[in-house]
Amino acid sequence: MSIKMNLFLDLGILTAFLVAFEPQWTGIAIHEWLSLAFAGTLVAHVLLHWKWIVNVAARFLRQWFHSSRLNFVVDALIFGAFTSVMLSGVLISKSILPLLGLESVRDPVWRVLHARSADATLILTALHFALHWKWVLHALARYVGAPIKTLAARALGARQPTHAEA
């Protein structure tokens, strides 16, 4: 997968996650549907990185000291926390389950699990970002900053000099 595609997929995932993280911003129905869409993009992300996941998992078991080891552990923890968020979210759903004719679970344990696993996902996602900050900055500079700089240079270069400047 290209760096550009990966960057914009990651930015989309991050944006959806941050918007879905606070249901009071959107309301419960949008929170739930956006979270399902977010889950779909996360599955796409995992599938697009499947080769890396398999390679690092194999290396994880063979080599005890490797630079990808921490990334793999953090990513595995994100996956577990996110799975917990989605499972508990579906079980306590107030919008999606009733639409399907199903009743949501009323046990408060599921709400607590949903909140705590969402918090863990947020913290782990921040750690994931911190581990990849150089890549993020490089990709943003290349695919966002450089095109903006080029457009600005073209706009300034295309400007006609005023009479005083000539």
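## Surface and model

The accessible surface of the chain comes to about 11200 Å², and 72% of this surface belongs to carbon and sulfur atoms; such areas come from the Shrake-Rupley method with a 1.4 Å probe. The model is predicted, so that local features need pLDDT of at least 70 and side-chain atom pairs count only at pLDDT 80 or more, while totals for chains, interfaces and linings use all residues. Residues are numbered from 1 along each chain as its sequence is written, and side-chain values use heavy atoms, with hydrogens and water left out.

Of the 166 residues in the chain, 27% are buried, a word that here stands for under 20% relative accessible area with a 1.4 Å probe.

## Overall fold

The chain holds 8 helices and 0 strands, where helices are DSSP runs (H or I) of at least four residues and strands are runs (E) of at least two. The radius of gyration, taken over C-alpha atoms, is 21 Å, well over the 15 Å that the globule rule gives for 166 residues, so the chain is more spread out than a compact globule; that rule is 2.2 Å times the number of residues to the power 0.38.

## Helix 1 and helix 7

The axes of helix 1 (residues 3-21) and helix 7 (residues 108-131) come within 12 Å and cross at roughly 145°, the axes being lines fitted to C-alpha atoms over the stretch in contact, with angles that run from 0 to 180 degrees between N-to-C directions.

L14, F17, L18 and F21 in helix 1 meet A118, D119, T121, L122 and T125 in helix 7, with contact taken as heavy atoms within 4.5 Å.

Conventions
Buried < 20%, exposed > 50% of the residue type's maximum accessible area, 1.4 Å probe, protein only.
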